[in-house]
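Dear colleague,

I am handing over the structure below, and after it I set out what was found there. Please look through it alongside these notes.

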Amino acid sequence: MNAQPAASLFIDGHPVEGEGAALPVLYPYTGEEIASLREASGDQVAQACQIAASAQPAWAVLAPVERGRVLIRAAAIIRERNEELSRLETLDTGKPIQETLVADWESGAQALEFFGGLAASITGQMIPLGRDWAYTRREPLGVCAGIGAWNYPSQIACWKAAPALVMGNAMVYKPSEETPLGALKLAEILLEAGLPEGVYNVVQGRGQVGAALTTDPNVAKVSLTGSVPTGRRVYTAAAEGMRHVTMELGGKSPLIVFDDANLEDAVSAAMLANFYSSGQICSNGTRVFLQEGIREAFLDRLAERVRNVRMGDPLDPETQHGPIVSPAQAEKIRAAIAAGEAEGAQLLCGGPGEGAFIPPTVFTDASDEMTITRDEIFGPVMTTLAFYDEQEVVCRANATGYGLAAGVFTQDLTRAHRVVGRLEAGTCWINTYNLTPVEMPFGGVKQSGLGRENSAAAIEHYSQLKSVYVGMGGVDAPY
Ligand code: NDP
C-alpha cells in the first residue's frame, strides 16, 4: 500500500521536502511502511512561520464573507472526496473504515462549514458613553500554531484551522508524528478552495518541532491537542512570550449510570464511550459508575454485547474494532491492563490481546485508588465501579485532577440536571455520550485544558478585542 504524499511539508502553497530526520509512516494494521516522510528542520519551521506572518495581513483584510466562502468550498471538496480521504485516514490511524467514513473528515467538513457560515456575523460592540462613544473590534491574533494528536488527525486539523482562518489568522500546523498525512490533504484542499498561498502551512516532526513552533517569535497563539504532560510543557513555553493558548488535553471521565437508567441505552453509551476508535478518544467515559440496583444486569448485558464486537481488518466495512495506533501505545495499554489485574480488579471480558489488537476490555471490582481508575489509558479499557447514592457518586466522580467530560444516565430529569450541575467537567452528556456537534462548545476544566473548540465560543480563542474610544467634542484638560 502506498500513501506517499507529494512531499512531507506544505509551505507557501507548495509541497516542500523536509530537511530533518526520517519519519516513516506505518499502517497500524500490518506495520507496513505506507509513506516515507522527513521532519522539518529548525530553519524550515522558522521559514513556515515567517511565510505565514507575511501572508496573514492580506487574508485578514478580506471581507469576512469572502473568507467564509473559502471554508465552505473546502467543506464541499472534503465531502466530494470523503471516500478517498477516509481510506487515507484509516491507513494513517488504523481506525475502521466504517468509523472514518462518518466521523473524521465529515466532522472536519462540518467545522469548516459552521465557521464559514459564521464569518459574516462576527461583529464588535457599540458602547454609548453620552456625548462620546466607544466600539470594539474583534481582530485576528496573527499566526496561530496548531499541534495535533494522532487519534483524530484530520478532525483536529480542521477544528483548529476553521475558527483560526475565519478570523483572518494564518496557521502553521504540526500533526502528530504518528499520523502526518491528513493535514497535508487539508492544506491542498484549502488551497484548491481559494485560500491564498502561505495562509495555511504544515510542518512535520516529533515533539521538538512542536516545541520550536511554540516559541517561534512570529507565533501569537498555540492550540494543542495532546496529553496533560505535553500540555504543561507547551503552556509553560507559550507563557514566556505571553502567547495565547488553547489546551485540549486528556481525561479520565466518569459515566454515571443510576438504577432507573434505560439499560440498553446505558450499555450502548458505555461501549461507545470506551471502545469507539479502539478507545483512543480523549473524552471517553472510562470510569463507569454503576448504581447497585442496575449493576448486575448492566454487566451481564455488556459482556454479551462486547462478545459480538467484530475485530479485524480496518478496511473491511464490517470491522467495528481496529488495531491500536502504534506498538508503543499498545504496550502502554497492556501495561495498564496488567496493573489492573495485579491490583485486584477482575476482567469481565477482553485482556491484553495480541500484536496490534487489544480487544474491548472491561474491569469489575475496581476501586477508586487503582491505577486503572486514576490514570488515562487511551485504549479500549473500561473500569466499572459500584456506587450506592447520588452524593457519594458525585464526590467520587469529581475526585480526579482531570475535568474533560462526564455523562449521566437516569430517567429522573431533575436528578440529571442536578448531578450535571455538580460535576467538574467541561463537557457533559445526559442520556447519551461522546457526541460533539460543532454547534456545542467542547473542552475541559482542571488539568484537562483551557479554552474551547467548536461553536461561536471558539472565535474568542482565535481573536482579540480592540477597544476604540471616540471623542465627539472638545478635550477637557485641567492644564
Ligand atoms: P502527546 O501529548 O504525546 O502529543 C500531542 C502533540 O504534541 C503531538 O503532535 C506531539 O508530537 C506534540 N509534542 C510533544 N512534545 C511536545 C513539546 N514539547 N512541544 C510541543 N509539541 C509537542 O499526545 P498524543 O499524540 O499521544 O495524543 C494522546 C493524548 O491526547 C491523550 O492524552 C488524549 O487524551 C489527548 N487528546 C485530547 C483531546 C481533546 O480534545 N481534549 C482529543 C484527542 C486527544 P509527536 O507526536 O510528534 O511527538
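The largest pocket has a lining of 39 residues, and those nearest its centre are A149, W150, G226, S227 and T230; a pocket here is, on a 1 Å grid over the protein atoms alone, an open set of points where a 1.4 Å probe fits, with protein on both sides within 12 Å along at least five of seven lines, and lining residues have an atom within 4 Å of a point. This is a predicted model, in which local features need pLDDT of at least 70 and side-chain atom pairs count only at pLDDT 80 or more, while totals for chains, interfaces and linings use all residues. Residues are numbered from 1 along each chain as its sequence is written, and side-chain values use heavy atoms, with hydrogens and water left out.

The space in the largest pocket comes to about 980 Å³, a volume being the space filled by probe spheres set on the grid points, which are joined across faces, edges and corners. Helix α9 gives the largest share of this lining, six residues, and α8 (207-215), β10 (219-225), α9 (228-240) and α12 (327-342) each supply at least two; helices (H or I, at least four residues) and strands (E, at least two) are DSSP runs, numbered from the N terminus.

The second largest pocket holds about 540 Å³ of space. Its lining consists of 26 residues, with A103, Y152, Q155, N434 and T436 nearest the centre, and the elements that give two or more residues to it are α4 (97-103), α5 (105-118) and α6 (153-166).

The UniProt record, an unreviewed entry, carries the annotation "active site" at E248; such annotations may be inferred rather than shown by experiment. E248 sits in strand β11 (residues 244-248) and counts as buried at 4% relative accessibility, where buried means under 20% relative accessible area, exposed over 50% and partly exposed in between (1.4 Å probe, protein chains only). Beyond its neighbours within four places in sequence, E248 is in contact (heavy atoms within 4.5 Å) with residues including L224, G226, F442 and R452.

There are 22 salt bridges in the structure, each a side-chain nitrogen of Lys or Arg within 4 Å of a carboxyl oxygen of Asp or Glu. One of them joins E192 and R81, at 2.5 Å from N to O, and links distant parts of the chain, E192 being in helix α7 (residues 181-192) and R81 in the loop between α2 (64-80) and α3 (82-93), 111 residues apart.

With best wishes
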